[in-house]
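Please keep the structure in view while reading.

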Amino acid sequence: MDTSHKTYALTTLPGDGIGPEVMREALRVVHAVGEVVGYTFTITEALIGGAALDAHDNPFPLETQNTCLAADAVLLGAVGGPKWDHHVGDMRPESGLLALRKLLGTYANLRPVSVPESLASSSPLRSDIVAGTDLLIVRELTGGIYFGEPKNREATEEGEVAYNTMVYSTEEIRRITRIAMQWARKRKNKLTLVDKANVLVASQLWRDVVRKMHKEEYSDVELDVLYVDNAAMQLVLAPSQFDVIVTSNLFGDILSDLAATLPGSLGMLPSASLGGRTGLFEPVHGSAPDIAGQGKANPLAMILSASMMLDALGRSDAATVVRNAVQRVLDEGYRTGDMWKEGCTLCSTEEIGKRVTQYAVEEIGSLAA
Ligand code: IPM
Ligand code: MN
């Protein structure tokens, strides 16, 4: 156990909807673990998304930008909600999040999806299909159709037209592929490239670049290529065939929500966005406005995102303790409503957060003994 004392500057962006309540639980866990193993987080909380629009008429105010740039890590809850749905373009809450990813240069978004034994029966899919799933989606996060120019909506004589551009450079594909290949080597040594090379020229470049890198630098890794429509079907039919998936920004967005059905809830999926100077850690789920403020939200994706942050900061012992505590909570049948089933104990957001905290602290105690 690494008990070296260190202080980390953490910027927290709770955001909208359930963001603040799941953030509270993640901070409860990391603070408590830090107290025992010896690290400290100094927290600067800042506004993003709808909350920032309400206060400053800007989804990503300069003050928020500066505190994120100065931080050792950034933890984000969720952005968006019906209150701001009439906003368009750069005034949407989501555009604050996209600008944050771009500013930090976090081009590699890691979204692990696993289905432990205790969750196999929570999935809407048959448990014999989902059991044993352990995959990692490596989503390109700062390029592609999310950011490509030109993009516009304009009036013509035939009525309005609108367009976006899916653009990728060789270097953008190479750097994300490098990360995905390295993860494959650390895992089961298999990489699946997901694209739409039968239709899109941008995907044809992905295929050429990834195949060339595979041949020249990573021939020890097993490489598979799938069209995105087929990949969506395979993820539901036989998810355990996957190890690491590398894909573009848009396809990664869509496939990660699909993959969330495997453990049974989007409330379980964490993510880490790396590649820049400062890492950004956020759950895959959105702001869930329908249940916000009711203590019903599942904090585990946020807590697991915080454990990915601990890993990235080099506190992998602490990260493992948090992951084990989450596992124990699930094994013992404690669930928020999104994952509750007969025989389980229904818990509030806070009850889950407190239980994870307790189990994490207990495990450190038993390791020290
Ligand atoms: C995600 C979200 C975001 C995305 C939205 C909120 C902009 O869906 O992180 O998956 O599309 O990237
Ligand atoms: Mn998404």
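A residue is called buried if its relative accessible area is under 20%, and exposed if that value is over 50%. By this rule, Tyr168 and Trp206 are both buried. The model discussed here is a predicted one.

**Domains and cores**

The domain assignment divides the chain into domain 1 (1–115 + 263–369) and domain 2 (134–261). Taken over C-alpha atoms, the centres of domain 1 and domain 2 are 25 Å apart. To the contact between them, domain 1 gives 20 residues and domain 2 gives 22 residues.

The largest nonpolar core has 88 residues, and the members that touch the most others are Val33, Tyr39, Leu75, Leu191 and Val356. Both domain 1 and domain 2 supply at least three residues to this core. Another core, of 13 residues, lies apart from it and includes Leu13, Ala46, Ala71 and Leu97.

**Aromatic rings**

How many aromatic pairs does a search of the whole structure find? The search finds four. A pair of aromatic rings is described by the distance of the centres and the angle of the planes. Two of the pairs are set out below.

| Pair | Centre to centre | Angle between planes | Arrangement |
|---|---|---|---|
| Tyr39 and Phe41 | 5.2 Å | 70 degrees | edge-to-face |
| Tyr168 and Trp206 | 5.1 Å | 85 degrees | edge-to-face |

Why is the pair of Tyr39 and Phe41 edge-to-face? Planes over 60 degrees apart count as edge-to-face, and the planes of these two rings stand at 70 degrees, so the pair belongs to that class. Tyr39 counts as buried because its relative accessibility is 3%. Phe41 also counts as buried, at 7% relative accessibility. Ring pairs link Tyr8, Tyr39 and Phe41 into a cluster. Leaving out residues up to four places away in sequence, Tyr39 touches several residues, among them His5, Tyr8, Val33, Leu310 and Arg315.

Tyr168 lies in the loop between E7 and helix H6 (170–186), whereas Trp206 belongs to helix H7 (residues 201–217); their pair therefore ties together parts that are 38 residues apart in sequence.

Charged side chains also meet rings. The charged end of Lys102 sits over the ring of Phe147, 4.6 Å from its centre. Arg355 lies over the face of Tyr334, at 3.9 Å from the ring centre.

**Strands**

Strand E6 (residues 152–156) pairs with strand E7 (residues 159–163) in the antiparallel sense, over five bridges. A hairpin of two residues joins E6 to E7. Within this pairing, Thr156 has Gly159 of E7 as its bridge partner.

Strand E10 (residues 244–247) has two parallel partners. Strand E5 (residues 134–140) pairs with E10 over four bridges in the parallel sense, and E8 and E10 also run parallel, joined by four bridges. Thr247 in E10 stands opposite Arg139 and also opposite Val194.

In a regular strand the side chains alternate between the two faces of the sheet. Are the faces of E10 covered or open? Both are covered: Val244 and Val246 on one side, and Ile245 and Thr247 on the other, are all buried.

Thr192 lies in strand E8 (residues 190–195). Thr192 is buried, because its relative accessible area is 1%. Beyond residues up to four places away in sequence, Thr192 touches Asp224, Leu226, Phe242, Val244, Ile245 and Val246.

Key: Residues numbered from 1 in each chain as written. Chains lettered and ligands numbered in written order. Predicted model: local features only at pLDDT ≥ 70, side-chain atom pairs only at ≥ 80, totals over all residues. Heavy atoms only, no water. Pairing = 2+ DSSP bridges. Core = buried A, V, L, I, M, F, W, Y, C linked by side-chain atoms within 4.5 Å. Buried < 20%, exposed > 50% of the residue type's maximum accessible area, 1.4 Å probe, protein only. Domains from an automatic or database assignment. Contact = heavy atoms within 4.5 Å. Phe/Tyr/Trp six-rings, centres within 6.5 Å; stacked < 30°, edge-to-face > 60°. Lys NZ or Arg CZ within 6 Å of the ring centre and 35° of its normal.
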